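Reader: I should like to go through the reasoning behind the descriptions of this structure. Please set each value against its definition.

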Amino acid sequence: MSWSPGGAGFIGCALSPVLAGQFDRYVVLDNLHPQVHPTSARPDGLHPAAELHVGDVTSPEDWDAVLGDLRPSTVVHLAAETGTAQSLAESSRHGRVNVVGTTEMLDAFTRIGHAPDHLLLTSSRAVYGEGTWVGADGEVLRPSLRTHAQLEAGRWDHGVRHLPNTVAETIPSPTSVYGATKLAQEHLLASWAGSHDVNLSILRLQNVFGAGQSLTNPYTGIVSLFSQLAREGKAIPLYEDGEITRDFVYITDVVSALTAALEKPPVGGVRRVDVGTGVRTTIRDLATTVAEYHGAPAPVVTGQFRDGDVRHASCLVDATREELGWTPQVTMAEGVALLQEWIAAQQG
């Protein structure tokens, strides 16, 4: 039996055929927030076998209502507020959903005297913050966030080279409220799971994009935003100097990583892995790929910036390949093309 808080969102819908096929009963709790679900209707992408309960993860009454006759063996925890910039303006909302929502789930399990066999959390690359840099003289730097004054002055970098993030070597140091709440989720679940002999998988996802993502939510990611602008024949604006880098991982590769983690649970304890492509892409290269697909004007560097954003974010996936027997299959360019085809089908 599987239970998926937040399971009617982008990743949850993409994963739903897998969960429907693996478990005899598959239950989803989601509040269908209008920022993600404009009509508050059951998403078309959610598998018909999913028992959808509309409720709030911060409400103990909603948890108790769902758990009345449910004793899940597996829990896929997807519920989260995800906007990095939005989290600076709506910190309480992110804290309530991501942190309190998680503790309410754990308390609900305690009230019914049940512990699942396997908890799986989709965490985020945001827990790493600025990560690890190398300075001009070769020294290792672990900087804090870039201040508003630093960004306003156009001092984008902390050193001369940024190292890819890895679970084994990068010390988490979030620079956004969102990242801090995702790291809190990790710590909360690890503490509870360890005390109840529950196996815990934590997958730190890079920038996920692809068919099925919201096209109306302004906080869902730059790939869909760039796509909408290019479809309209507009020049894509590039923040900072256009050399921000991210690891863009397509939704089908994320689903295959989650599937691998479910099929091969950890044995005794907590497992943390990075999920991305292992390839660093500049925002300029991403925007150029999208613009060329639509024959739109070349992207334009604006010098704008977002407080709380990190300069570089990418990961190495060698350890994930070994741990899960998983390998990403979709390149950034292939994923961009697939997304454009899906958007065209949605919008005509």
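Reader: Why is Asp-197 called exposed?

Author: Asp-197 has a relative accessible area of 72%. Buried means under 20% relative accessible area, exposed over 50%, and partly exposed in between, with a 1.4 Å probe and protein chains only. Asp-197 is therefore classed as exposed. The model is predicted: local features need pLDDT of at least 70, side-chain atom pairs count only at pLDDT 80 or more, and totals for chains, interfaces and linings use all residues. Residues are numbered from 1 along each chain as its sequence is written, and side-chain values use heavy atoms, with hydrogens and water left out.

Reader: Where does Asp-197 lie, and what is its phi?

Author: Asp-197 is in the loop between H6 and strand E9 (199-205). Its phi is positive, about 55°, although Asp-197 is not a glycine. Helices (H or I, at least four residues) and strands (E, at least two) are DSSP runs, numbered from the N terminus.

Reader: How do you know that the span of helix H6 agrees with its number of residues?

Author: The expected span of a helix is 1.5 Å times one less than its number of residues. For the 19 residues of H6 (residues 177-195) this gives 27 Å, and the end C-alpha atoms are 27 Å apart, so the two agree.

Reader: Which residues of H6 are buried?

Author: Among them are Tyr-178, Leu-183, Leu-189 and Trp-192. Thr-181 is also found in helix H6 and counts as buried because its relative accessibility is 6%. Not counting residues up to four places away in sequence, Thr-181 touches His-94, Gly-95, Asn-98 and Val-99, where contact means heavy atoms within 4.5 Å.

Reader: What makes helix H7 largely enclosed by the rest of the structure?

Author: Seven of the 10 residues of H7 (residues 222-231) are buried, so the helix is largely enclosed. Val-223, Phe-226 and Leu-229 are included in that buried set. The buried residues of H7 pack against strand E10 (207-209), E11, strand E13 (248-250), helix H9 (283-294) and helix H11 (332-347). H7 is followed by Gly-233, whose phi is positive, near 75°.

Reader: Why is Tyr-26 called buried?

Author: Tyr-26 has 2% relative accessibility and therefore counts as buried. Its place is in strand E2 (residues 26-30). Not counting residues up to four places away in sequence, the residues that Tyr-26 touches include Ser-2, Ser-16, Leu-46 and Glu-51. The C-alpha atoms of Tyr-26 and Ser-16, 10 residues apart along the chain, are separated by 8.7 Å.

Reader: How many helices and strands does the chain have, and why is the chain called as compact as a globular protein of that length?

Author: The chain has 11 helices and 16 strands. Its radius of gyration is 20 Å, close to the 20 Å that the globule rule gives for 348 residues, so the chain is as compact as a globular protein of that length. The radius is taken over C-alpha atoms, and the rule is 2.2 Å times the number of residues to the power 0.38. Buried residues make up 52% of the 348 residues.
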